[in-house]
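These are my notebook entries on a single structure. I set down what I looked up, one topic at a time.

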Amino acid sequence: MRIVFIHPNYHSGGAEIAGNWPPAWVAYLAGSLKAAGFDDIHFIDAMTNHIGHDELRARLKALAPDVVGTTAITPAIYEAEAVMKIASEVVPDALRVLGGIHATFMFRQVLSEAPWIDVIVRGEGEEIMVALMQAVRDGRWPEERRRIKGLAFKEGDEIVATQAASTVKNLDGIDPDWSLLEWDKYIYVPLGVKVAIPNMARGCPFTCSFCSQWKFWRDYRVRDPKKVVDEIERLVNDHGVGFFILADEEPTINKKKFVEFCQELIDRGLPDRIKWGINTRVTDIYRDRDLLKFYRKAGLVHVSLGTEAAAQLKLDMFNKETTVAENKEAVRLLREADIFVEAQFIVGLDNETKETLEETFQMAWDWQPDLANWAMYTPWPFTPLFQEIKDQVEVFDFSKYNFVTPIMKPAALTRGELLDGVMKNYRRFYMRKALFHYPWRGTGFRRRYLLGCLKAFLKAGVGRTFYDLGKAGYWGPQTKNSVDFHFDESRTIAEAQVADWEASADKAARAAERRAAVKAQMKDRAVERKAEFRMPNGAEVMACGGGREQMQEPAE
């Protein structure tokens, strides 16, 4: 049985400026499928190779697969749907499978607008995909599709979602197959070396209201650090990788495991051969301030900090649980340990103004991170914050939900003014860094890395790919009132998806009412029991130690 995976050809103007990123999902799915006996697997990276629809048609026809699979984050969903449409026309007998975070939570939307998709894999794909492929191979598809957990599909006019599959409990049992990727294509621009994105943990114990990762991965699990380093060592030896970024939302959550991971890298001499970066929280950096130089010794050279927003009001809205002062201190601690620090700011909420944009710039310059990034607030349609502000959302063209297009329009700014304000921050920050910092601060690796970052920004700026400026027609402040983001206004939320949201909201509200009623009933009953019951000698009932205070109900 031949399986062809396709990474959709979607481009924005965000993370791509630092290089081409290897699609890790392919390696992890292929590794699990090959372990289960499926070894005829092919991969088409349409994104990295800029493969258009005509070439994709030709490749699919030549490969003649039995199964075509693709994935999509939210902005890539329409291109993923187009891939499935092409497959339905070129290889109509092949099973068409879509996975990824958007389809997991928005399966009713996707199946409503792209009925040619045969099945959606909801959640982590390794075990679900193996079960699905076994059913296809054994001739049990589609008759037994309702028995396979973690799927969604159309059955006539009905959209069916099977019982959710459990998360992958044995992460150490997954052996990714990185050989499917074209490694010469995945280059990290700042260093000019091959880049990989391995995974050490899945999940996140925090519930930031704007984030969807904690919902997708659900429970938090960590791999054996030695197994992770085994994988990294293979990437270095077999594929010549010189830089990696841990895919985890926050790899430092489990301090003990992260320290073991760093020590294992040091023990094998890998920091001399490969450098790496992470995303993490401000609080973890402050917690580990005495270990930062040890992390640097292990090869950690780049930390992207989720400072998120400058105004404390915004931090509270996002449930980040950090303060502005802590953000500044974390930046200082990292720079002191000779670790490059990138500060991430979210802009574009309803209360954004010219003054708050200026405030983020002043904070960035005051904190002095090596790099700064201003990301447009993007209300993922499956996050708690989206449900709170959905009445303010005007754009449902998900191809623009890419952190570089202003989906939300602040009350005091037009979208063009917001983009112009962000570009002004970028221009000032990096012009000052380029003139007064990067060429003169430090020698050797530090200087080379920072100049490499500057090169990436300049390359994207000259090519007009940065922030999709070329597509939007932004050429400076003089064009802020004429930019066109080309929103597809015909895009709306499908009735089936809206009904599902409303049903979920009603269910949550009823559950909350039941919990409140039971809690009140228990308190009333406790009062009754206290009044009714006495010891045989008539003494009042007392707690251990003779006190009258009883244990309180746990807070919800």
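**Entry 1: helices.** Before reading a helix length, I noted that the expected span of a helix is 1.5 Å times one less than its number of residues. I worked throughout from a predicted model.

I looked up helix H3 first, which covers residues 77-90 and has 14 residues. From its first C-alpha to its last, H3 reaches 20 Å, close to the 20 Å expected. I then asked how many residues of H3 are buried. Ten of the 14 are, and H3 is thus mostly covered. I recorded among the buried residues Ile-77, Tyr-78, Val-83, Met-84 and Ile-86. Glu-79 and Glu-81 are also on that list of buried residues.

I turned next to helix H6, residues 125-137, with 13 residues. H6 reaches 18 Å between its end C-alpha atoms, close to the 18 Å expected at 1.5 Å a residue. In H6 I found Gly-125, Glu-126, Ile-128, Met-129, Val-130, Leu-132, Met-133 and Ala-135 buried. Just after H6, I noted that Gly-139 takes a positive phi of about 75°.

**Entry 2: aromatic rings.** I looked up the aromatic pairs and found that the structure holds 38 of them. As one example I took Trp-178 and Trp-183, whose ring centres are 5.9 Å apart. Why is this pair tilted? Planes under 30 degrees apart count as stacked and those over 60 as edge-to-face; the planes of Trp-178 and Trp-183 stand at 55°, so the pair is tilted. Both Trp-178 and Trp-183 are buried.

I also traced a cluster linked by ring pairs. Its members are Phe-345, Trp-365, Trp-367, Trp-374, Tyr-426, Phe-429, Tyr-430, Phe-457, Phe-466 and Tyr-467.

**Entry 3: charges over rings.** I searched for charged side chains over ring faces. Arg-428 lies over the face of Phe-361, at 3.8 Å from the ring centre. Lys-275 lies over the face of Phe-445, at 5.9 Å from the ring centre.

Entry 4: A search of the whole structure gave three cavities of 30 Å³ or more. I examined the second largest cavity, which holds about 80 Å³ of space. Which residues line the second largest cavity? I listed Lys-400, Val-404, Thr-405, Tyr-467, Asp-468, Lys-471, Ala-472, Asp-484, Phe-485 and His-486. This lining divides into four nonpolar, two polar and four charged residues.

Notes
Residues numbered from 1 in each chain as written. Predicted model: local features only at pLDDT ≥ 70, side-chain atom pairs only at ≥ 80, totals over all residues. Heavy atoms only, no water. Phe/Tyr/Trp six-rings, centres within 6.5 Å; stacked < 30°, edge-to-face > 60°. Buried < 20%, exposed > 50% of the residue type's maximum accessible area, 1.4 Å probe, protein only. Lys NZ or Arg CZ within 6 Å of the ring centre and 35° of its normal. Helix = DSSP H or I, 4+ residues; strand = E, 2+ residues; numbered from the N terminus. 1 Å grid on protein atoms, 1.4 Å probe; cavity = no way out; pocket = protein on both sides within 12 Å on 5 of 7 lines; lining within 4 Å. Points joined across faces, edges and corners; volume = space filled by probe spheres on them. Nonpolar A, V, L, I, M, F, W, Y, C, P; charged D, E, K, R; others polar.
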